Amino acid sequence: MSRNAVLALIAVLVIAGGGMALWLSRAGAPHPDVDAEPIASITTAVVRSETLKDVTIVYGVVQADPAGTTTLAAPRAVIVSRILVLPEQTVAAGQALIEVASAPAADLAYHQAADAADFARKDLARVQRLFDAHLAASDQLNTANKTLADAQSALAAQRKQGAGRERQTMTAPAASVVTSIAAAPGEHVAQDAPLMTLVRQGAIGVRLGLDPSARHVTAGLPVTIHPMGGGPAIASRLKVVGRTAEPAGRTIDTFAPLGSAAPPIGSAVEAEVATGEHPGLTVPRAAVVFDETGSHVFVISGGKARRVFVTTLRAYDDRIEVRGPLAAVATVAVQGAYELQDGMAVRLARP
């Protein structure tokens, strides 16, 4: 065989051997879509051991503090001339609220008191002259003095009630909120009848209905109030805790002041009364998976996800208390937790 023929045969064998090796290497490699282990991308957080609040949930309504409520009453029989404010309006101390004029009967009473005082003064002067001339006894002089004093006291009382003025403007005793108006312009109002009700600014609170079984709730406990209509939570403390169940709802009334941040009077609230504290474990809310197997979290260790069943308790902002075979500072999956299965490989998601 010639030298060229030998070289050609060697080249053919080399090419065939290389092709066979490439085929064998491809045939022996696992297909990535069939044999590769699935990997989930997740974020993680740490299980915290914390001191948590024991909380009793109660419901109630915003109302005025009776200690800060003032009823503006008619000082005498009057006719309402003008109403100068509106219900729910905030007013400053000394601001004009209502203008009234004396009713005819009140005017008559004032003029009678003024006439009686004037007559008593003149009569005392007459008796004094008689006494000085030894024509009247001392008891007559004493009686005349007493009659004048009584008449002057009656007239002073009339003037204190505003009698004798053509118009009288009644003002706010302090910075307040007008909660109700009981009269209208042109209305005749009897003496001491209510004209309007004011609540001093800051003297607003919530009346909360407490379950009678909650005996551990006492005055002074912290309370967080959440307006049902929305808005920021309000921190306060229980001021009063009743000891008699309310007949209709069978609940015990409690009261907590709200200060200047109060929602509208009559609106509903939910309140959390902190009755104590206890140690507990918390995880982010998103770390807890709820499905047909039960509530659980996935603990991450060695690049694998291990399912741990837990009991969920109270939520604290974006975290929730859990109870189960968990250790503090353990790492749990948060985002991506619902995609995991027990034993699945995981990797941390890029930020």
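Which residues have the most contacts inside the largest nonpolar core? They are Val206, Leu208, Val217, Val223, Ile225, Leu238 and Val273, in a core of 22 residues. A nonpolar core here is a set of buried Ala, Val, Leu, Ile, Met, Phe, Trp, Tyr and Cys residues joined through side-chain atoms within 4.5 Å. Buried means under 20% relative accessible area, exposed over 50%, and partly exposed in between, with a 1.4 Å probe and protein chains only.

Before going further, a word on the model. It is a predicted one, in which local features need pLDDT of at least 70 and side-chain atom pairs count only at pLDDT 80 or more, while totals for chains, interfaces and linings use all residues. Residues are numbered from 1 along each chain as its sequence is written, and side-chain values use heavy atoms, leaving out hydrogens and water.

Now for the overall picture. The chain has four helices and 23 strands; these are DSSP runs numbered from the N terminus, helices being H or I of at least four residues and strands E of at least two. Of its 351 residues, 33% count as buried. Contact means heavy atoms within 4.5 Å, and among contacts between residues at least 6 apart in sequence, 74% join residues at least 24 apart.

Back to the core of 22 residues. Strand 3 (48-64), strand 12 (204-210), strand 13 (222-227), strand 16 (252-257) and strand 17 (268-284) each supply at least two of its residues. Strand 12 gives the most, with four. Val217 touches Leu210, Leu238, Val241, Arg243, Val273 and Thr275, not counting residues up to four places away in sequence. Apart from this core lies another, of 17 residues, including Leu72, Val78, Ala183 and Leu198. In soluble globular proteins, nonpolar side chains tend to be buried together.

Tyr59, in strand 3, is partly exposed, with a relative accessible area of 45%. Together with Ile57 and Met228, Tyr59 makes a nonpolar surface patch of about 310 Å². Accessible areas come from the Shrake-Rupley method with a 1.4 Å probe, and for residues only the protein chains shown count as cover.

Helix 3 (residues 104-132) has 29 residues and should span 42 Å at 1.5 Å a residue, which agrees with its end C-alpha atoms being 42 Å apart; the expected span is 1.5 Å times one less than the number of residues. Its buried residues are Ala106, Tyr110, Ala113, Ala117, Ala120, Leu124 and Val127. An α-helix has 3.6 residues a turn, so residues three or four places apart point the same way. The buried residues of helix 3 pack against strand 7 (96-102) and helix 4 (138-160). Helix 4 buries Leu141, Ala144, Leu148, Ala151, Leu155 and Gln158, and what covers them includes helix 3. After helix 3 comes His134, with a positive phi near 60°, and just after helix 4, Gly162 has a positive phi of about 95°.

Finally, look at Gln191, in the loop between strand 10 (188-189) and strand 11 (194-200). Gln191 and Ala73 are 118 residues apart in sequence and 7.6 Å apart in space, C-alpha to C-alpha.

Key: Patches are made of residues with over 30% relative accessible area and no salt bridge: like charges are joined within 9 Å, nonpolar side chains (Val, Leu, Ile, Met, Phe, Trp, Tyr) within 5 Å. A salt bridge is a side-chain nitrogen of Lys or Arg within 4 Å of a carboxyl oxygen of Asp or Glu.
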